[in-house]
Amino acid sequence: MRANPQLDENGKLRHFLTIEGLRRPLLTDILDTAESFAGVTERTVKKVPLLRGKTIVNLFFEPSTRTRTTFELAAKRLSADVLNIQASVSATTKGETLLDTLHNLEAMHCDMFVVRHCDSGAAHFMAKHVAPHVAVINAGDGSHAHPTQAMLDMFTIRRHKGEFGALRVAIVGDILHSRVARSQIHALTTLGVNEVRIIAPKTLIPAHAEALGVHVYHDLREGLRDVDVVIMLRLQNERMGSAFLPGEHEYYRLFGLTEEKLALAKPDVTVMHPGPINRGVEIDSAVADGPRSVILQQVSYGIAVRMAIMSMAMHQRGE
Amino acid sequence: MRANPQLDENGKLRHFLTIEGLRRPLLTDILDTAESFAGVTERTVKKVPLLRGKTIVNLFFEPSTRTRTTFELAAKRLSADVLNIQASVSATTKGETLLDTLHNLEAMHCDMFVVRHCDSGAAHFMAKHVAPHVAVINAGDGSHAHPTQAMLDMFTIRRHKGEFGALRVAIVGDILHSRVARSQIHALTTLGVNEVRIIAPKTLIPAHAEALGVHVYHDLREGLRDVDVVIMLRLQNERMGSAFLPGEHEYYRLFGLTEEKLALAKPDVTVMHPGPINRGVEIDSAVADGPRSVILQQVSYGIAVRMAIMSMAMHQRGE
Amino acid sequence: MRANPQLDENGKLRHFLTIEGLRRPLLTDILDTAESFAGVTERTVKKVPLLRGKTIVNLFFEPSTRTRTTFELAAKRLSADVLNIQASVSATTKGETLLDTLHNLEAMHCDMFVVRHCDSGAAHFMAKHVAPHVAVINAGDGSHAHPTQAMLDMFTIRRHKGEFGALRVAIVGDILHSRVARSQIHALTTLGVNEVRIIAPKTLIPAHAEALGVHVYHDLREGLRDVDVVIMLRLQNERMGSAFLPGEHEYYRLFGLTEEKLALAKPDVTVMHPGPINRGVEIDSAVADGPRSVILQQVSYGIAVRMAIMSMAMHQRGE
């Protein structure tokens with residue numbers, strides 16, 4: 001059996017590439033470690049010296065202010081030095097290969113790469129080729145995985161709903177193209193939630209979705225019935241009006257989350273969204289800004305969860 | 001009476017949005033605090049730990065290397081962590097609203113926003129919506145205000161001319177479109193200078209300018225007579241040749257500051273400019289680089305003044 | 001005799017602009033100081049407090065992620081504060097002169113400028129005009145010089161081959177347009193290597209090259225015979241197919257380094273390249289990734305060498 005490339009010989013985190021293949025105790029360990037960091041980000045002096053003298057590179061081949069910012073803040077609050085590299089202005093435009101870029105940064109004694117790339121598998125590819133002391137964190141690769149987002153979502157669910165075993169969770173939107181959804185599904189099933197539902201038009205559901213252990217719904221009202229948590233996905237504007245989708249107005253009518261549709265879920269339902277939200281496209285402002293929304297808390301927890309994952313991959317724990 | 005949104009219940013600085021409505025003792029307090037920081041920037045180790053563990057976001061919706069750089073340096077010399085966000089590459093391009101961007105950064109436990117925006121009122125809008133622990137500093141909003149620039153100008157005047165009461169100060173150039181001029185006028189009148197003059201072609205003077213407590217001149221030679229301080233404004237190239245202005249050559253002939261025209265002012269006149277200067281457009285190089293110019297000192301003082309305002313808004317004073 | 005503008009009155013490094021005119025003991029001193037920093041970059045905590053509280057500005061008028069990154073890392077590992085300024089987004093686009101930009105940053109109490117500029121002589125020009133306490137490091141100016149690259153190459157040669165006196169070194173490629181080659185030739189001859197060869201098509205050799213103390217070859221096989229070190233230059237794609245050069249395929253056939261051609265050199269020959277490499281243009285992947293290549297070590301040493309030069313120019317030595 002091939003060893004999991006994310007773990008070292010003792011089963012500890014070495015890279016963080018995908019939720020798939022990680023076991024429940026490790027996910028729980030990440031959530032517990034993040035709890036200890038959640039306190040740090042609320043202090044007057046929001047820094048711990050855990051990664052002082054380490055160099056962390058944000059290597060982004062897709063633009064993303066939001067995700068890059070959360071990783072940069074997490075790294076700085078761990079006292080690491082941070083380098084931001086936008087691939088569009090980097091040496092790859094001079095024809096250098098991804099591997100050459102990687103080996104060059106490694107030669108500069110960088111300790112960790114936080115990678116976002118438009119190609120599925122890019123983070124795994126890098127993890128396979130880095131030196132033994134270097135860790136790779138996947139910050140989103142193609143339509144494959146976005147595991148730190150999934151872990152901050154799990155942290156949010158645990159904080160707001162308690163134990164996973166009794167929960168019914170629905171994910172709504174473009175499941176087919178979403179690396180976020182893919183990672184959430186693996187995390188939710190590994191953590192043992194009672195039921196995971198995915199809700200989307202037929203054109204936005206992957207083939208053989210049931211094999212992932214989820215229930216598929218094509219009707220939002222039906223799928224929302226009695227759920228504890230609903231996770232809305234961002235609708236990529238560029239897909240709108242394509243073969244996959246009707247117009248924005250029609251999508252909102254059928255799959256946009258409104259107070260009226262939300263009333264079908266449990267009374268204490270929690271509403272989540274990875275952001276940035278499209279108001280009036282996949283979610284109504286009244287819901288996004290309403291009392292059941294924890295969308296901004298997700299962002300907050302994102303720093304603590306990323307601090308946890310980064311320090312664990314560098315074999316440094318919190319307090 | 002509506003409370004001043006820049007002040008807390010004890011009358012202390014909470015945000016820094018505009019000079020308008022601030023009282024003389026507070027402006028003097030800022031200048032005194034800046035004096036204590038002016039020493040720090042000349043030390044071998046130019047850092048104080050006042051804002052260690054705080055996160056300051058430079059949120060720039062207009063490009064500006066110069067202003068962004070002075071805020072970044074001020075923040076780093078206070079030992080804060082700094083995030084630079086250029087709005088053109090930020091989530092707002094994905095359709096996220098300004099308020100969503102703000103709330104997301106706030107959720108990441110950022111402590112202060114330094115904002116530049118092309119819309120007048122943007123900084124007030126943000127100050128109105130941030131959480132109680134977050135401060136907003138206006139780094140220029142539309143043609144409304146640029147209060148940190150005005151305060152560094154006041155610091156420069158006090159350093160080079162002493163008390164404000166006896167001074168005659170002229171501001172020359174495009175008063176109509178200048179957020180710098182607007183903030184300078186409020187600062188100068190609040191600090192009680194003897195006379196403020198504005199000098200410009202009729203098309204570049206705001207309607208009802210006299211209501212601001214200034215004297216209006218349309219002839220540079222006449223307006224310069226016996227002034228102690230002359231502040232030249234940068235002429236925005238994009239206005240040149242428009243309905244507002246004759247050509248560059250004609251403007252220089254009438255409103256460009258030369259040694260010959262400057263001879264009409266007091267012999268010890270001080271020449272200021274917020275920069276970057278247009279040599280041979282609004283000011284002759286002989287004047288800009290001459291003995292009466294304090295243009296580069298303004299830049300120096302800008303760091304100390306911004307350190308003062310940032311630390312005061314975070315309720316941390318200098319040594 | 002005009003004093004060397006790079007040295008202070010005691011002959012110590014004040015700026016670092018070009019290898020030309022520096023004497024062997026100073027170059028050796030840089031290499032020895034770099035040795036002490038090479039250890040720092042391999043520690044767990046890769047930082048020394050030598051330049052704490054200093055502000056270093058990367059002022060890049062040409063884009064370069066790689067070189068900018070090495071200087072940024074070197075500065076951060078010396079505990080300095082770093083400002084990155086890309087000239088394309090800086091005030092110079094508003095018509096400010098280079099000198100105005102410089103004086104403004106100087107007024108902000110910046111301590112060192114690392115400059116890259118497309119014009120030969122730009123770094124000298126800046127060094128001539130900065131204040132006495134400010135140091136200028138040339139990170140590449142036009143086709144003139146790239147002295148920190150040359151010093152890291154010398155460091156690499158000394159580490160891998162020992163003393164310079166016995167060595168035969170060949171530089172292969174577009175010598176005519178290469179600031180790297182020019183600086184390497186000065187460094188190699190100053191450090192007293194036995195023989196420096198330059199190998200290139202006639203169109204890519206500068207006039208009067210022999211006056212630099214080198215032997216000129218137009219045939220790669222002939223020039224490689226019995227060399228200890230071969231330094232390949234990057235071929236700028238934009239020159240390909242011009243009057244200077246035949247097509248890519250033809251260039252590779254004649255001047256591309258392959259295992260077969262490399263067999264003509266000494267058996268323990270060391271292969272170097274300043275990066276980024278063009279695989280299959282000037283160098284075959286089998287050579288670039290092969291056992292005689294030290295291309296990635298060059299990148300590593302680059303950090304230590306830049307730490308040495310930066311700290312020496314600030315009159316701070318390593319441990």
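Into which domains is chain A divided? In this predicted model, for which local features need pLDDT of at least 70, side-chain atom pairs count only at pLDDT 80 or more, while totals for chains, interfaces and linings use all residues. Residues are numbered from 1 along each chain as its sequence is written, and chains are lettered from A and ligands numbered from 1 in the order in which they are written.

Chain A consists of domain 1 (24–144 + 300–313) and domain 2 (147–294), with bounds that come from an automatic or database domain assignment. The centres of the two domains of chain A, taken over C-alpha atoms, are 26 Å apart. Their contact (C-beta atoms, placed from the backbone, within 7 Å) involves 19 residues of domain 1 and 18 residues of domain 2. On the domain 1 side, α1 (24–40), β4 (135–141) and α11 (295–313) of chain A each contribute at least two residues; helices (H or I, at least four residues) and strands (E, at least two) are DSSP runs, numbered from the N terminus. This side contains nine nonpolar, six polar and four charged residues. Ala, Val, Leu, Ile, Met, Phe, Trp, Tyr, Cys and Pro count as nonpolar, Asp, Glu, Lys and Arg as charged, and the others, Gly among them, as polar.

Between chains, 23 residues of chain B are in contact with 18 residues of chain C. The largest share of the chain B side, seven residues, is supplied by α2(B). Eight nonpolar, nine polar and six charged residues make up this side of chain B.

Chain B can be superposed on chain C with an RMSD of 0.0 Å by a turn of 120° and a shift of 0.0 Å along the axis, using least squares on the C-alpha atoms of residues with pLDDT of at least 70 in both. The two copies are therefore related as by a three-fold rotation axis.

How values were computed
Contact = placed C-beta atoms within 7 Å.
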